[in-house]
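Welcome! Please take a look at the sequence and the 3D structure below before reading on.

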Amino acid sequence: GELFSDLVGILLRQFALLPDDWFKPGSFIIEQAGYLAEDLQDCGVEKLAEAGQEFVAYLEKRQGA
């Protein structure tokens with residue numbers, strides 16, 4: 001659990017460095033990161049589900065940027 005919850009934090013910091021056009025709806029980043037976020041939310045581990053929710057919120061924010 002620690003590995004993947006820490007991974008989300010690392011990804012968020014790395015994604016902050018990417019240009020906004022990488023986060024257009026339907027982009028590779030949005031699709032693949034969305035799969036990871038969904039898996040985290042559905043895994044049944046509270047800490048990972050929270051990390052998945054944080055990840056989804058970030059992705060939604062970047063799509064609207």
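What follows is a short tour of helices, aromatic rings and one arginine.

## Before you start

This is a predicted model, in which local features need pLDDT of at least 70 and side-chain atom pairs count only at pLDDT 80 or more, while totals for chains, interfaces and linings use all residues. Residues are numbered from 1 along each chain as its sequence is written, and side-chain values use heavy atoms, leaving out hydrogens and water.

Helices here are DSSP runs (H or I, at least four residues), numbered from the N terminus.

## Helix H1

Let us begin with H1, which has 14 residues that should span 20 Å at 1.5 Å a residue; its end C-alpha atoms are 20 Å apart, in agreement. The expected span is 1.5 Å times one less than the number of residues in the helix.

Which residues of H1 are buried? They are Ser-5, Val-8, Leu-11, Leu-12 and Phe-15. Seen down the axis of H1, these buried residues fall within an arc of 115°, so they line one face of the helix. The arc is that of the directions from the helix axis to the C-beta atoms. Buried means under 20% relative accessible area and exposed over 50%, with partly exposed in between (1.4 Å probe, protein chains only). Leu-3 and Arg-13 are exposed on the other side of H1, and what covers its buried residues includes H2 and H3.

## Helix H2

Next comes H2, which runs over residues 28–42. From its first C-alpha to its last, this helix of 15 residues reaches 21 Å, close to the 21 Å expected at 1.5 Å a residue. Its buried residues are Ile-29, Ile-30, Ala-33, Ala-37 and Leu-40. They cover an arc of only 90° around the axis, which puts them on the same side of H2.

The buried residues of H2 pack against helix H1 (2–15) and helix H3 (46–63), where contact means heavy atoms within 4.5 Å. On the other side of H2, Phe-28, Tyr-35, Asp-39 and Asp-42 are exposed. Just after H2, Gly-44 takes a positive phi of about 90°.

## Aromatic rings

How many aromatic pairs does the whole structure hold? A search finds three. Rings of Phe, Tyr and Trp (its six-membered ring) pair if their centres lie within 6.5 Å; planes under 30 degrees apart count as stacked, over 60 as edge-to-face and the rest as tilted. One of the pairs joins Phe-15 and Phe-23 edge-to-face, at 5.6 Å centre to centre and 65° between the planes. Phe-15 is buried at a relative accessible area of 10%, and Phe-23 is buried at 1%.

Phe-15 also forms a tilted pair with Phe-55, at 5.9 Å centre to centre and 35° between the planes. Since Phe-15 lies in helix H1 and Phe-55 in helix H3, the pair ties together parts that are 40 residues apart in sequence. Phe-55 is buried, with a relative accessible area of 0%. Together, Phe-15, Phe-23, Phe-55 and Tyr-58 form one aromatic cluster.

## Arg-62

Our last stop, Arg-62, is found in helix H3. Is Arg-62 buried or exposed? Arg-62 is buried, with a relative accessible area of 9%. Not counting residues up to four places away in sequence, Arg-62 touches Phe-15, Ala-16, Leu-18, Pro-19, Asp-20 and Phe-23. A polar atom of the Arg-62 side chain lies 2.7 Å from the backbone oxygen of Leu-18.

Conventions: Helix = DSSP H or I, 4+ residues; strand = E, 2+ residues; numbered from the N terminus. Polar contact = N/O pair within 3.5 Å; in protein donor to acceptor, adjacent residues only side chain to side chain.
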